[in-house]
Amino acid sequence: MAATDVPAYKAELLRVAQLLQGRCRLYCGMEIDYLGSQWGPATQYFADLGLDYSIGSVHFIPAQGGEYVDIDGHFDNFSRRMDKHFHRDIRYVVETYYEQSQRMLSDGGFEILGHFDKIGQNASMYHPGIEQEGWYADLVDGYIDQILKSGVVVEINTKAYSEHHRFFPHIRYWKTLKDAGVPLMVNSDVHYADRVEASRFEAFEILNSINDGAR
């Protein structure tokens, strides 16, 4: 969203909230990219917007040359960027993703942590089995330890489940988060109104099975 569009966004949300008054409560929020100390959820600009909530997410990381590059999205684009920007060094990409994620969590300024292991999907397609490697697991475990101490809400992102049979974070981490009392929020993040509940019920079924001790 361009900064020039923010007033219109807030005005439209207020208009709809007034129409639905007494029937539904709407919250004004944003998903905010973390681009290092120069731009992210903790930037004063976002604090001054008076948002009801914000989601902090990492979609871009600095390449070896310092340029911020998108590592999210479709795998074919990711693969091309691995060649063009990252010298095919998948370990560098993964380690830098989690370094950026840790810095974002330390800087704060947001209530909800967005899709915290999103890199796992593209990394696994680029290098099958990478998430089972010890160094990768250590990165995620270290980040989860930081999450547990932070007090943030963790998003369970459902948008890739129907196509890739994967949630973010991966199901393997849910029990650890739940047992530690981390608040979890199910969110489709699909960007399309007609898919706003995509795989939402599947996620709740799995969460309920964890509560019942089935997982």
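User: Two strands pair if DSSP finds at least two bridges between them. Over how many bridges do β2 and strand β5 pair?
Analyst: This is a predicted model, with residues numbered from 1 along each chain as its sequence is written. Local features need pLDDT of at least 70 and side-chain atom pairs pLDDT 80 or more, totals for chains, interfaces and linings use all residues, and side-chain values use heavy atoms, without hydrogens or water. Helices (H or I, at least four residues) and strands (E, at least two) are DSSP runs, numbered from the N terminus. β2 and β5 (residues 112-113) run parallel, and their pairing rests on 2 bridges.

User: In what order do the 5 strands of the open sheet lie?
Analyst: The pairing in this open sheet is parallel. Its edges are β1 and β7, each of which pairs on one side only. Across the sheet, the strands follow the order β1-β2-β5-β6-β7.

User: Which residue of β5 is the bridge partner of Gly-56?
Analyst: The two strands concerned, β2 and β5, pair in the parallel sense. In β5, the residue bridged to Gly-56 is Leu-113.

User: Is Gln-100 buried or exposed?
Analyst: Gln-100 belongs to helix α4, which spans residues 90-107. Buried denotes under 20% relative accessible area, exposed over 50%, and partly exposed the range in between (1.4 Å probe, protein chains only). Because its relative accessibility is 2%, Gln-100 is classed as buried.

User: To which class, buried or exposed, does Ser-124 belong?
Analyst: Ser-124 is part of helix α5. Apart from neighbours within four places in sequence, Ser-124 is in contact with Ile-130, Glu-131 and Arg-166. Its relative accessibility is 19%, and Ser-124 therefore counts as buried.

User: How far apart in space are Val-196 and Val-58, C-alpha to C-alpha?
Analyst: Val-196 sits in the loop between β7 and α9 (200-211), and it counts as exposed because its relative accessibility is 52%. Beyond its neighbours within four places in sequence, its contacts are Ser-188 and Val-190. In sequence, Val-196 and Val-58 are separated by 138 residues. Between their C-alpha atoms, the distance in space is 22 Å.

User: How much space lies in the largest pocket?
Analyst: On a 1 Å grid over the protein atoms alone, a pocket is an open set of points with protein on both sides within 12 Å along at least five of seven lines, whereas in a cavity a 1.4 Å probe fits but cannot get out; lining residues have an atom within 4 Å of a point. A volume is the space filled by probe spheres set on the points, which are joined across faces, edges and corners. For the largest pocket, this space is about 1,300 Å³.

User: Which residues that line the largest pocket are the closest to its centre?
Analyst: The elements giving two or more residues to this lining are α1 (6-19), β1 (29-33), α2 (44-47), β2 (53-57) and β7 (184-187). Among the 34 lining residues, those closest to the centre are Tyr-9, Gly-29, Met-30, Glu-31 and Tyr-53.

User: Which residues line the largest cavity?
Analyst: The count of cavities of 30 Å³ or more is 1. The largest cavity has a volume of about 40 Å³. The residues lining the largest cavity are Ile-71, Asp-72, Gly-73, Lys-118, Ile-119, Gln-121 and Asn-122.

Terms used: Contact = heavy atoms within 4.5 Å.
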